[in-house]
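Dear colleague,

Please find the structure below, together with its sequence. A summary of what was found in it comes after.

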Amino acid sequence: MKIAILPGDGIGTEIVHEAVRVLNVLDLKFESDTALVGGAAYEAHGHPLPESTLKLAKEADAILFGAVGDWKYDKLERALRPEQAILGLRKHLGLFANFRPALCYAELTHASSLKPELVAGLDILIIRELTGDIYFGQPRGRRIATDGHFPGAEEAFDTMRYSKPEIERIAHVAFQAARKRSKKVTSVDKANVLETFQFWKDVVTEVHAQYPDVELEHMYVDNAAMQLVRAPKKFDVVVTGNMFGDILSDEAAMLTGSIGMLPSASLDKNGKGLYEPSHGSAPDIAGKGVANPLATMLSAAMMLRFSLDQAGAADRIESAVKAVLAAGLRTPDIWSEGTTKVGTREMGDAVVAAITGKTITTKS
Ligand code: NAD
């Protein structure tokens, strides 16, 4: 097993460090290599995704990624901004299927902005198509309008498009994921208004014929956004396009209270993947030792399960995370009265202790 470790910027280095400590106590045999990505790579090599980093990522069986970005790079031309590294990796590695589980731990129900009874036990999986849709469709740009409401005025435009194979492969991913869960898929579209999403709905329905054991429902994206806050537990697997998935997965993330708890995986057609927390580089708390490393550790668990065929080791990480929460340890983002506030490093120590069978200390 070869793992490429790309910590990135801001809290990325702090949280990946803790996740690697956790991987190291699992008695697994793996090779790992670390490389710069994002702003750190731009500073050192003049590009957020240098050739050497891309080569390492291509040669690895899986990639553990921290986060990239800092406001200080906002003035750089778009191609050199740290966030381009993520888009470049997705594109070059063909990472078309984004898995974003939203799980609400019993101990953290109070952290949600919804009533505890709405989110207690929440366990949904949003599967977002990641390499198509309006984010990548050509043509796009700015021009002088020749028609529309204001001919002669400056305008900007993007192109929403999906090909049949792109929709088919993400639909298969969703139906197969549902088979391992409660066998229900909600496909989110905007078929009432958009040609692209009427096509999406037709193709998903066609693929569904191969999965008669899985229930399929279709839902318009505006309704899905409402239902996610009205009755989120009604969902199980949600599959949708790139733009709707971008928005709905962040909405689902907030149902669980803290973005610091949410892992994600982006997979190619062979199951190779890039694993990263759902949050960004959090420049506001970088270097303070207070970032929550649990999302990154849970991303490492997803990596072991999906790409490295080590479900047992993944279970051990997930159980250890539950154990530290049950023991009352909290980083500031999930802290509440009556629990013990700890920093990034102490949270790492506690998860390592839970995995190795040592006592979890709860000094405040
Ligand atoms: P963010 O996710 O970095 O931070 C949002 C808020 O959540 C901040 O208050 C932050 O302190 C908090 N937060 C995030 N992760 C946390 C953790 N593990 N523990 C505790 N608190 C945490 O989003 P942002 O502030 O909008 O963006 C900051 C930078 O990150 C930007 O440059 C953005 O482009 C980049 N970004 C990168 C990725 C990625 O690398 N995949 C994703 C999103 C944003």
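This is a predicted model: local features need pLDDT of at least 70, side-chain atom pairs count only at pLDDT 80 or more; totals for chains, interfaces and linings use all residues.

Residues are numbered from 1 along each chain as its sequence is written, and side-chain values use heavy atoms, with hydrogens and water left out.

Ligand. The ligand is surrounded by 22 residues, and the closest are V68, E83, G280, A282 and D284; a residue counts if one of its heavy atoms lies within 4 Å. The side chain of E276 places an N or O atom 3.1 Å from a nitrogen atom of the ligand. For H279, a polar side-chain atom lies 3.1 Å from a ligand nitrogen atom. In the case of D284, a side-chain N or O atom is 2.9 Å from an oxygen atom of the ligand.

Largest pocket. A pocket here is an open set of points on a 1 Å grid over the protein atoms alone, where a 1.4 Å probe fits and protein lies on both sides within 12 Å along at least five of seven lines; lining residues have an atom within 4 Å of a point. The volume, taken as the space filled by probe spheres set on the points, is about 1,100 Å³ for the largest pocket. Its lining has 35 residues, with E83, Q84, I86, L87 and R90 closest to the centre. Helix 4 (84-93) is among the elements that supply at least two lining residues, and its share of 8 residues is the largest. Helices (H or I, at least four residues) and strands (E, at least two) are DSSP runs. The lining divides into 12 nonpolar, 12 polar and 11 charged residues, with Gly counted as polar.

Second largest pocket. This pocket holds about 850 Å³ of space. Of its 28 lining residues, F99, L125, M302, R305 and F306 lie nearest the centre. Strand 4 gives the most to this lining, with 5 residues. The division is 17 nonpolar, 3 polar and 8 charged.

Strand pairing. Strand 1 (residues 2-8) and strand 2 (residues 31-34) run parallel and are joined by 4 bridges, where pairing requires at least two DSSP bridges. Within this pair, I3 stands opposite S32.

Yours sincerely

Key:
A polar contact is a pair of N or O atoms within 3.5 Å; within protein, one must be able to donate a hydrogen and the other to accept it, and residues adjacent in sequence count only if both atoms are side-chain atoms.
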